[in-house]
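Hello,

Here is the structure I said I would pass on. Please look through it first, then read the notes below.

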Amino acid sequence: MDIKSYMAELGQRARAAARLIAAADSTAKNAALLAIAGAIDSRRGELLAANARDLENGRANGLDAALLDRLELNDARVDAMIEGLRQVAELPDPVGVISDRQLRPSGIEIAKMRVPLGVVGIIYESRPNVTVDAASLCLKSGNATILRGGSEAIHSNRAIADCIVQGLAAAGLPETTVQVIDTTDRAAVGELITMTEYVDVIVPRGGKSLIERISREARVPVIKHLDGICHVYIDDKADLDMAFNIAVNAKTHRYGVCNAMETLLVAEGVAEEILPRLAEAYRAEGVELRGCDRTRAIIDCLPASEEDWQTEYLAPILSIKVVADMDAAMDHIAQYSSHHTEAIVTRDEARSNRFLAEVDSSSVMVNASTRFADGFEYGLGAEIGISTDKIHARGPVGLEGLTSQKWVVYGHGEIRQ
């Protein structure tokens with residue numbers, strides 16, 4: 001296969017489809033989403049058989065248990081894919097929404113209209129369900145999309161792509177609105193991220209090495225985050241029962257997710273009271289603790305190194321630092337944060353307001369677990385990913401994050417004097 005020619009053909013088709021899907025109404029887009037759900041349900045056996053081939057190949061190629069689990073489809077996961085499509089169909093359509101309309105002294109009226117980005121390229125690993133998630137969000141937001149899943153899921157993604165094409169056709173929408181790259185050649189990724197004439201934005205979903213490569217080599221704008229080095233700061237004016245619950249949940253609810261707490265910061269005024277209680281709870285959950293010298297004077301734990309403050313563990317490991325006050329906590333966050341999510345636990349409103357204003361992350365929280373940094377929990381219905389960038393989209397990226405705005409002007413014959 002000539003990869004360059006193949007990818008150019010996909011790009012041309014996507015660009016043509018983007019004009020048509022941008023003009024499609026909500027009824028047609030929702031009909032397509034429900035038709036895709038129906039196709040997945042009716043062809044469930046084909047999907048599971050294709051997935052079984054991927055799993056067999058994965059075992060033969062030495063994929064570890066965690067990757068095999070991410071790769072696997074079963075009836076429950078297929079049901080979740082179907083339910084996700086139905087939920088996206090129920091979400092409000094952002095396309096065409098007019099906002100900020102105002103009359104100018106000249107007599108013209110100006111406003112902003114929400115519009116699709118155009119063609120979205122999405123690169124991801126392992127999980128076949130991402131094919132459905134990404135396709136549904138791009139479709140509902142009026143975008144064409146080119147999807148490149150991991151080579152380990154090629155048979156699963158081909159089977160899902162067939163269901164997507166079937167659903168689009170049933171709704172009378174262009175079948176090339178969603179295209180799944182049908183090759184495992186890594187050169188296809190290199191082409192996709194440099195096709196500025198066809199692709200408007202790239203969204204990478206996967207491990208840090210993948211996202212670093214995409215960010216380094218892409219010529220197309222990228223929506224992404226690299227690390228989730230999230231912090232919780234327990235202030236000396238915190239409700240300590242609340243702080244205990246938040247700090248335990250933020251770390252132990254799930255380990256391998258980007259919004260899990262990786263560093264706990266504790267004000268010295270409450271450290272001796274709360275750290276022994278927290279240490280007992282973490283040990284009960286099997287969490288390995290690494291602390292600064294002041295932490296180790298209070299609880300038994302391993303010494304924390306400079307590298308620990310810079311590490312996203314995605315594992316039952318937690319680094320702990322005792323700090324003098326909120327300013328010291330914010331200084332630590334400014335130095336080591338990946339700008340994903342930070343939380344403060346305090347009863348002092350002035351301090352919480354300062355923390356919200358001065359901490360520079362995509363989500364900043366007061367008296368809540370970092371685990372809430374999620375598109376579904378924010379009411380977005382679903383998310384395409386999380387962005388720690390500052391331009392266009394920031395934080396969980398849902399339907400609105402897959403659109404932009406353009407100025408629209410309503411005139412009554414006015415001419416500029």
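Which residue lies over the face of Y410? R101 does, at 3.7 Å from the ring centre. A charge counts as sitting over a ring if NZ of Lys or CZ of Arg is within 6 Å of the ring centre and within 35 degrees of the ring normal.

Before the rest, some notes on the source. This is a predicted model, in which local features need pLDDT of at least 70 and side-chain atom pairs count only at pLDDT 80 or more, while totals for chains, interfaces and linings use all residues. Residues are numbered from 1 along each chain as its sequence is written, and side-chain values use heavy atoms, with hydrogens and water left out.

An open sheet has 3 strands in the order 1-2-16, with antiparallel pairing. Strands (E, at least two residues) and helices (H or I, at least four) are DSSP runs numbered from the N terminus, and two strands pair if DSSP finds at least two bridges between them. The edge strands are strand 1 (98-103) and strand 16 (403-410). Strand 2 (residues 109-116) is joined to strand 16 by 8 bridges, and R114 has Q405 as its bridge partner there.

In the second pairing, L265 stands opposite K321. The charged end of K321 sits over the ring of W309, 5.8 Å from its centre.

Regards
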